[in-house]
Amino acid sequence: MNIRLEDIDIVRERTDANYTQALEALEKCGGDVVKAIVYIESGGKNDPGLEQSFNNIIEKVISAIKEGNVNKVEMLKDEKIVLSVPVNVGIVGGIIGMSCIPWALIPAFLAVYTMGCKFRITRDDDSSENIE
């Protein structure tokens with residue numbers, strides 16, 4: 001990845017970060033200036049890796065649904081089920097959430113992810129697959 005000096009200067013001007021901080025933020029955010037600014041302003045809490053994890057979970061759920069036999073998606077904390085949602089309800093909720101309040105999904109996912117929660121897909125035949 002080639003990060004331009006102009007992009008570092010933009011991040012520095014907007015955030016009062018030094019060159020090293022601006023460069024590190026741009027590297028973590030794949031060279032995206034806006035994401036780097038948000039990353040610095042959030043104190044490094046808005047980790048772009050979390051967004052990738054969120055996307056991975058969505059992709060795995062969609063893939064499992066296409067395979068069929070998926071009964072529910074479960075959220076676990078310390079191996080205890082905290083939330084169990086039928087797949088159809090999760091799909092409808094996801095569509096509504098993404099269309100109405102997409103900005104709320106990232107902080108919600110961030111909270112769940114940082115609390116150490118994991119997700120699991122449970123199939124009709126009682127087999128399950130952990131999503132990481």
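**Salt bridges, helices and a hairpin**

Guide: Glu 74 is buried, with a relative accessible area of 4%. Buried means under 20% relative accessible area, exposed over 50%, and partly exposed in between, using a 1.4 Å probe and protein chains only. This is a predicted model, where local features need pLDDT of at least 70, side-chain atom pairs count only at pLDDT 80 or more, and totals for chains, interfaces and linings use all residues. Residues are numbered from 1 along each chain as its sequence is written, and side-chain values use heavy atoms, leaving out hydrogens and water.

Visitor: With which residue does Glu 74 form a salt bridge at 2.7 Å?
Guide: Side chains of opposite charge can pair when their charged atoms come close. A salt bridge needs a side-chain nitrogen of Lys or Arg within 4 Å of a carboxyl oxygen of Asp or Glu. At 2.7 Å between the closest N and O atoms, the partner of Glu 74 is Arg 120.

Visitor: How many residues apart are Glu 74 and Arg 120?
Guide: Helices (H or I, at least four residues) and strands (E, at least two) are DSSP runs, numbered from the N terminus. Glu 74 lies in strand E1 (residues 70-77), and Arg 120 in strand E3 (residues 118-123). The pair links distant parts of the chain, and the separation is 46 residues.

Visitor: Which residue is linked with Glu 74 and Arg 120 in a network of salt bridges?
Guide: Glu 74 also forms a salt bridge at 3.9 Å, closest N to O, with Lys 72. Lys 72 counts as partly exposed because its relative accessibility is 26%. The residue linked with Glu 74 and Arg 120 in the network is Lys 72.

Visitor: Is Asp 7 buried or partly exposed?
Guide: Asp 7 forms a salt bridge with Arg 4, the closest N and O atoms being 3.0 Å apart. Arg 4 has a relative accessible area of 46%, so Arg 4 is partly exposed. Asp 7 has a relative accessible area of 12%, so Asp 7 is buried.

Visitor: At roughly what angle do the axes of H1 and H3 cross?
Guide: Axes are lines fitted to C-alpha atoms, for helices over the stretch in contact, and angles run from 0 to 180 degrees between N-to-C directions. The axes of helix H1 (residues 5-15) and helix H3 (residues 33-41) come within 10 Å. They cross at roughly 35 degrees.

Visitor: Which residues does Thr 15 touch, not counting residues up to four places away in sequence?
Guide: Thr 15 is in helix H1. Thr 15 is buried, with a relative accessible area of 16%. Contact means heavy atoms within 4.5 Å. By that rule Thr 15 touches Ile 37, Ile 40 and Glu 41.

Visitor: Over how many bridges do E3 and E4 pair?
Guide: Two strands pair if DSSP finds at least two bridges between them. E3 and E4 pair in the antiparallel sense, and the count is four bridges.

Visitor: Which residue takes a positive phi in the hairpin of E3 and E4?
Guide: The hairpin has four residues between the strands. The phi in question is near 70 degrees, and the residue is Asp 126.

Visitor: Is Ser 128 buried or partly exposed?
Guide: Ser 128 is in strand E4 (residues 128-131). Leaving aside its neighbours within four places in sequence, Ser 128 is in contact with Arg 120, Ile 121 and Thr 122. With a relative accessible area of 45%, Ser 128 is partly exposed.
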